[in-house]
Amino acid sequence: MQDPNEDTEWNDILRKKGILPPKEDPKKQEEEEEEEALALQQQSIVKTYESMTLEELEENEDEFGEDDEAAMEMYRQKRLAEWKASQLKTKFVEVGEISAQDYVKEVNEAGEGIWVILHLYKPGIPLCTLINQHLSVLARKFPETKFLKSISSTCIPNYPDHNLPTIFVYHEGDMKAQFIGPLVFGGMNLKVDELEWRLSESGAVKTDLEENPKKQIQDKLMSSIKSSIQTRKDSDDSDYDDDD
């Protein structure tokens, strides 16, 4: 069988009449194959940079074309923002213990955008122990907030015991709220969600509670009192009717 790509006079006649397809150019075909392979490689790279880490983006920077530079920069900034957010969210997961020597560094110089909750306590005071337990729970729930505790006498010399427990709330080194003394916390009946609400009011944590848990208890108490008063009134009215 005659090769249609063979360079003969008869094949040229057949090509002119459209019986045979145009003669293939091996060099052109090779160039097209190379361009196709390069395009596939570039397409593969472009598809993968969306899932690359910051380090991978830097390592493969030379592999991208000019058309990808804008997209590359966008994804680099996105990865950088995600990394910063990740660092922030995983930075604080427990209540740290500090002394007076650590105060400036850990509280006043905590960093940009950082909320700090500092509990001054003393061993042997039950409400202080309860609040430390609650703060441990909240520290895990709100890892973006820095929770600290310090024995009052080691942090602030001669700090009065009757002011304990004390909670100071700081943001970027400035005090935003303070809770001083047992009455502020409601005594040993303090629940962890009630403390969470109080701290959220200062801005230190972003709670998912829709309303003050203490209000629910107060509403139930008021409802119970009203019901008791109404029952007593109905009973008195019944006794009055019987006397008549």
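Here are a few questions and answers about this predicted model.

User: How far apart are the end C-alpha atoms of helix α6?
Analyst: Let's start with what you'd expect. Helix α6 covers residues 126-141, and its 16 residues at 1.5 Å each should span 22 Å. The distance in the model agrees with that, with the end C-alpha atoms 23 Å apart.

User: Which residues of α6 are buried, and which elements cover them?
Analyst: The buried set is Leu127, Cys128, Leu130, Ile131, Asn132, His134, Leu135, Leu138 and Ala139. An α-helix has 3.6 residues a turn, so residues three or four places apart point the same way. As for the cover on those buried α6 residues, it includes β2, β3, β4, α8 and α9.

User: Is Cys128 buried or exposed?
Analyst: The cut-off for buried is under 20% relative accessible area. Cys128 comes in at 1%, so Cys128 is buried.

User: How many disulfides are there in the whole structure?
Analyst: A disulfide here would need two cysteine sulfur atoms within 2.5 Å. Cys155 is buried, at 8% relative accessible area, but a search of the whole structure turns up 0 disulfides.

User: Which residue in β3 stands opposite Gly96?
Analyst: Strand β1, residues 96-97, pairs with β3 in the parallel sense over 2 bridges. Opposite Gly96 you'll find Leu148.

Conventions
Residues are numbered from 1 along each chain as its sequence is written. This is a predicted model: local features need pLDDT of at least 70, side-chain atom pairs count only at pLDDT 80 or more; totals for chains, interfaces and linings use all residues. Side-chain values use heavy atoms; hydrogens and water are left out. Buried means under 20% relative accessible area, exposed over 50%, partly exposed in between (1.4 Å probe, protein chains only). Helices (H or I, at least four residues) and strands (E, at least two) are DSSP runs, numbered from the N terminus. The expected span of a helix is 1.5 Å times one less than its number of residues. Contact means heavy atoms within 4.5 Å. Two strands pair if DSSP finds at least two bridges between them.
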